[in-house]
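Colleague: I have a chain open in the viewer and would like to talk through its fold. Could you show it here so that we look at it together?

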Amino acid sequence: MKITYILITILPILLLVTCQSSKEERQAEFNSPNTPSIIYIKNNYPEVKHRIPLSQIADTIFYLKLNHKCPKDIYQAWYTNNTIFLYDLDSIFAFNNTGNLRYSISAPVSSIDILQNEQKFYIYSFRDKTISQYDFKGSKEHVIHLKSNKLGGYGSCFLTINDTLFAISRLNEGLNPYELVFFNKKGEVVKHITNSQPFTPQSHAIFYNTAWERMLFRSPQGCFYYRPYGDTLFTISPQTELSPIWIEQKLSKVPLKKRLEYRGMNLTDFINLCRTEQWYNIRYIENSRYIIAEYIPGRSNHDIPNYMVYDKKIKIIIKTEQTLSEGIAYQNFHFGFFNDYDGGLGFSPLCQSNDYLLMINAGYAQGGAKNFPKTLYNIGRKIGKITYKCRSDSCLSIKNKKKLENFLKNLNENKNTMITIVKLKTL
């Protein structure tokens, strides 16, 4: 934590050294017939271990104030030119670009996806096994009744490949026959992807469905599928073909027989075991410039997120290794990407929306204090007799810092929701 003042000066040097590593050290990208380029990251791929400055990946950063206090945790979020969508596992909320609520739609226990160019959004209901299509004005246009009883899932397990093809993924519970199912607009099954790792769970196994997993997601480059605990990130074609674009072996994933869904275990003991063994679960962010792996011990999002960023332009990896014990030791809770852009809070994105990353309030890395971004910035986080610093100790621009502080002056934590939006750099 004490190195943050010299971060900006030493990081370019580290990157230069890394870029000059011998070709033998770096595993080359290669092409397979009829598939995109595959980036293969072996365990010995050179990396820079450091706090990742937000300016490294961000083209711009801006903030939005919603004139609405979200009473529940937000699990999915999207940003378009004129509308911000939020989903809290009970309802989807649509706000205009001035932060006023336009409408809300009840959608309990569902997963949401948006087709921005078509100005449509879709609600997949786990309970009803339906997909409802809405326009951006909030009018329901169509309901698809799915003709399958092999579905499950929670969180970001639903993706609209296009307006006639839909994908639904399922966490591996051992006995489920399929891990991915495609449907057409009639609700008919187009294709099944067989469960690649079937097993018989022990009698005391625990199945935690969480919204942290991002098995299915969209970026400007296309649609993607990631199997939890896997090494491979796949693209999904309009013909339902899965093509690997990224194979990563630097981060150790939780072995099958050690997972909660296989053996069962007290969640706290499981997380501690994963921390000790350095076993992780991952979710991905992708655009034309970066592949970003967000990784946590085990499967709980109640932990400090870390990031491994692959820059496609200069072909280097930067990796963070933040821990709660380190934050306590240095009395610094600046978790996430290091905010050198405007000196604000650490950035831990909740969702990707095209080239934009969104953080709600102070970000989930702040745990129970996440809904108090203004307090964390101005005062810090008080636990017992100790106040932990949460904001950055440096910024690239005083102008950016003043913009942030003026924004926070007009923010009422009891009435408003703060959205931090980072536009990623592109090629």
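Predicted model: local features only at pLDDT ≥ 70, side-chain atom pairs only at ≥ 80, totals over all residues.

Colleague: How many helices and strands does the chain have?

Modeller: The protein chain has 6 helices and 29 strands.

Colleague: And what share of the residues is buried?

Modeller: Of the 427 residues in the protein chain, 57% are buried.

Colleague: Let us take a sheet. In what order do the strands run in the one that holds E29?

Modeller: The order is E4-E29-E26-E25, an open sheet of 4 strands with antiparallel pairing. The edges are taken by strand E4 (58-66) and strand E25 (351-353); each has a single partner strand, so one side of each has no neighbour in the sheet. On average, neighbouring strands here are turned by 25 degrees against each other, direction ignored.

Colleague: What holds paired strands together in general?

Modeller: Strands of a sheet pair through backbone hydrogen bonds, in either a parallel or an antiparallel arrangement.

Colleague: How many bridges join E4 and E29?

Modeller: E4 and E29 are joined by 8 bridges in the antiparallel sense. One example is leucine 66, whose bridge partner in E29 is threonine 417.

Colleague: And on the E26 side?

Modeller: Strand E26 (residues 356-360) pairs with strand E29 (residues 417-424) over 5 bridges, also antiparallel. Leucine 357 has valine 422 of E29 as its bridge partner, and isoleucine 360 stands opposite isoleucine 419 in E29.

Colleague: Is E29 mostly covered or mostly open?

Modeller: E29 is mostly covered, with 7 of its 8 residues buried.

Colleague: Which helix lies across it?

Modeller: Helix H6 (residues 398-409) lies across E4 and E29, and runs at about 15 degrees to E4.

Colleague: What is the volume of the second largest pocket?

Modeller: The second largest pocket has a volume of about 510 Å³. Its lining is made of 29 residues, and those nearest its centre are Trp78, Asp113, Ile114, Arg218 and Asn354. Strands E5 (76-79), E9 (110-115), E13 (158-162) and E17 (216-219), together with E25, each give two or more residues to this lining.

Colleague: How does that lining divide by class?

Modeller: The lining of the second largest pocket divides into 13 nonpolar, 12 polar and 4 charged residues.

Colleague: You mentioned E5. Which sheet does E5 belong to?

Modeller: E5 is in an open sheet of 4 strands ordered E5-E6-E7-E8, with antiparallel pairing. E5 and strand E8 (101-106) are the edge strands, each pairing on one side only. Neighbouring strands of this sheet are turned by 10 degrees against each other on average, direction ignored.

Colleague: What is found in the loop between E6 and E7?

Modeller: Leucine 89 is found there. Its phi is near 75 degrees, a positive value in a residue other than glycine. Leucine 89 has a relative accessible area of 15%, so it counts as buried, the cut-off being under 20%.

Colleague: What is the phi of threonine 240?

Modeller: Threonine 240 has a positive phi of about 70 degrees, although it is not a glycine. Threonine 240 lies in the loop between strand E19 (232-236) and strand E20 (242-248), and is buried at 6% relative accessibility.

Methods: Residues numbered from 1 in each chain as written. Heavy atoms only, no water. Pairing = 2+ DSSP bridges. Axes fitted to C-alpha atoms, helices over the stretch in contact; angles between N-to-C directions. Contact = heavy atoms within 4.5 Å. Buried < 20%, exposed > 50% of the residue type's maximum accessible area, 1.4 Å probe, protein only. 1 Å grid on protein atoms, 1.4 Å probe; cavity = no way out; pocket = protein on both sides within 12 Å on 5 of 7 lines; lining within 4 Å. Points joined across faces, edges and corners; volume = space filled by probe spheres on them. Nonpolar A, V, L, I, M, F, W, Y, C, P; charged D, E, K, R; others polar.
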